[in-house]
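Please open the model in your viewer and keep a selection tool at hand. The tour below moves from one selection to the next.

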Amino acid sequence: MAVEVRDARAENRYEARVDGESMPAGVAQYIRTSELIAFVHTEVGPQHAGQGVGSALARAALDEARVAKLRVLATCPFFAGWIARHPEYQDLLYQSRSKVSD
């Protein structure tokens, strides 16, 4: 099974296609600025669950974030959990630098 991931910027999401299928097998929705990409929702179709589609989405999206020098905010539980299990991507995580206090 071959998984191809592409950034569908017009839809603000990464799409994974399996074996050249026309419909995405999975998507990872994001909000992007010039400094940050926030992953807000990931979904894989039931027919592709457990086949590595979500992992392919996460790896490709995070690799592109690294190249673009973007910080990552993982509000999506799938992305947060995936990064927690893959420490080689934890350096991408956004850290608040605010010094504001009450």
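At roughly what angle do the axes of α1 and helix α2 cross, and within what distance do they come? This is a predicted model, in which local features need pLDDT of at least 70 and side-chain atom pairs count only at pLDDT 80 or more, while totals for chains, interfaces and linings use all residues. Residues are numbered from 1 along each chain as its sequence is written, and side-chain values use heavy atoms, with hydrogens and water left out.

Select α1 (53-67) and α2 (residues 77-85), both being helices in the sense of DSSP runs of H or I with at least four residues, numbered from the N terminus, as strands are runs of E with at least two. Their axes come within 11 Å and cross at roughly 75°, the axes being lines fitted to C-alpha atoms over the stretch in contact, with angles from 0 to 180 degrees between N-to-C directions. The two helices are therefore roughly perpendicular, a term that covers 65 to 115 degrees.

Next, show the side chains where α1 and α2 meet, contact being heavy atoms within 4.5 Å: Gly-54, Ser-55, Leu-57, Ala-58, Arg-59, Ala-61 and Leu-62 come from α1, and Phe-78, Phe-79, Trp-82 and Ile-83 from α2.

Then move to Lys-69, in the loop between α1 and β5 (71-74), where phi is positive at about 60° although the residue is not a glycine. Lys-69 counts as exposed because its relative accessibility is 72%, the cut-off being over 50% with a 1.4 Å probe and protein chains only.

Finally, select Asp-19, in the loop between β2 (13-18) and β3 (26-32); Asp-19 is not a glycine either, yet has a positive phi of about 50°.

Notes
Buried means under 20% relative accessible area, exposed over 50%, partly exposed in between (1.4 Å probe, protein chains only). Angles under 35 degrees count as roughly parallel, over 145 as roughly antiparallel, 65 to 115 as roughly perpendicular and the rest as oblique.
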